[in-house]
Amino acid sequence: MPVDISAGVFRPTFRVPWTSDEHNHVFPLSSSSLLKVIKGDITTWFVDGHSDAIVNPTNELMLPWVASVDLAIHRAAGPQLEFAIADIPEVQSGVRCPTGEAIITPGFKLPASRVIHTVGPIYWYEKNAAAILRYAYRRSLMVAKANKIQYIAFPAISCGNNGYPLKEAATVAISTVKEFADDFKEVHFVLLLDNAYKDWLHVTRELLWN
């Protein structure tokens with residue numbers, strides 16, 4: 001459930017985040033919004049089922065890779081997601097969603113109402129990986145805002161198969177989310193693996209406590 005912050009309980013000047021349990025840490029992003037770092041499965045995440053969305057790190061053709069968050073989201077959403085993606089026209093041969101861009105679809109069988117698909121950089125391939133990753137987060141947030149999303153959950157975009165170092169990726173992610181501090185009620189980072197969760201939490205504390 002969303003946390004009521006209307007009374008201003010969570011002010012940006014707080015040095016210690018409210019923590020509901022050991023795997024769910026909450027930070028004030030602004031006087032009206034929260035950022036949460038959660039250890040869990042993003043395919044099971046939701047807040048209210050109509051103004052929430054999860055972000056899917058995909059590739060330019062928007063076809064899921066083996067052993068990826070993308071594949072897990074496709075499996076949880078059901079075949080309707082694959083059909084919806086097949087209807088998205090290619091902007092050029094083999095490209096539905098260019099690197100750094102974002103496209104929204106329904107969530108179908110997912111608990112969250114919608115999925116925002118974005119393509120992050122491959123760390124060892126792109127010369128300007130940080131700029132592209134920042135743009136992928138920014139475009140995802142812009143698409144969410146345009147579609148009246150109030151609660152959004154991100155995985156660690158471009159980490160894992162794309163090779164982006166976790167702490168570097170977290171720094172880009174958190175600093176970009178801060179640009180949209182007043183546009184959402186809650187922004188969540190949902191990380192399945194221990195090392196991703198711990199590194200994300202460490203960077204979040206550094207960037208939001210200072």
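This is a predicted model: local features need pLDDT of at least 70, side-chain atom pairs count only at pLDDT 80 or more; totals for chains, interfaces and linings use all residues.
Residues are numbered from 1 along each chain as its sequence is written, and side-chain values use heavy atoms, with hydrogens and water left out.

Colour by secondary structure. The chain has 5 helices and 8 strands, which are DSSP runs numbered from the N terminus (helices H or I, at least four residues; strands E, at least two). From the N terminus on, their order is β-β-β-β-α-α-β-β-α-β-α-β-α. Of the 210 residues, 50% count as buried, meaning under 20% relative accessible area with a 1.4 Å probe, protein chains only (exposed is over 50%, partly exposed in between).

Next, select helix α1, residues 69–77. Its buried residues are Asp70, Leu71, Ile73, His74 and Ala77. Seen down the axis of α1, they fall within an arc of 160 degrees, so they line one face of the helix; the arc is that of the directions from the helix axis to the C-beta atoms. Their cover includes β4 (52–57), α2 (79–86) and β6 (114–118). Just after α1, glycine 78 has a positive phi of about 90 degrees.

Now show the largest nonpolar core, which has 40 residues. Such a core is a set of buried Ala, Val, Leu, Ile, Met, Phe, Trp, Tyr and Cys residues joined through side-chain atoms within 4.5 Å. Leu35, Ile152, Phe154, Phe189 and Trp200 have the most contacts inside this core. Elements giving two or more residues to the core include β2 (24–30), β3 (33–39), α3 (129–146) and β7 (151–154). Helix α4 gives the most, with 7 residues. A second, separate core of 19 residues includes Val47, Leu81, Leu110 and Tyr151.

Centre on isoleucine 152. Leaving aside neighbours within four places in sequence, its contacts (heavy atoms within 4.5 Å) include Trp45, Ala53, Ile116, Leu141, Phe184 and Glu186.

End at glutamate 186, in strand β8 (residues 186–191). Is glutamate 186 buried or exposed? Glutamate 186 counts as buried because its relative accessibility is 2%. Its side chain makes a polar contact with the side chain of histidine 188 (2.7 Å). A polar contact is a pair of N or O atoms within 3.5 Å; within protein, one must be able to donate a hydrogen and the other to accept it, and residues adjacent in sequence count only if both atoms are side-chain atoms.
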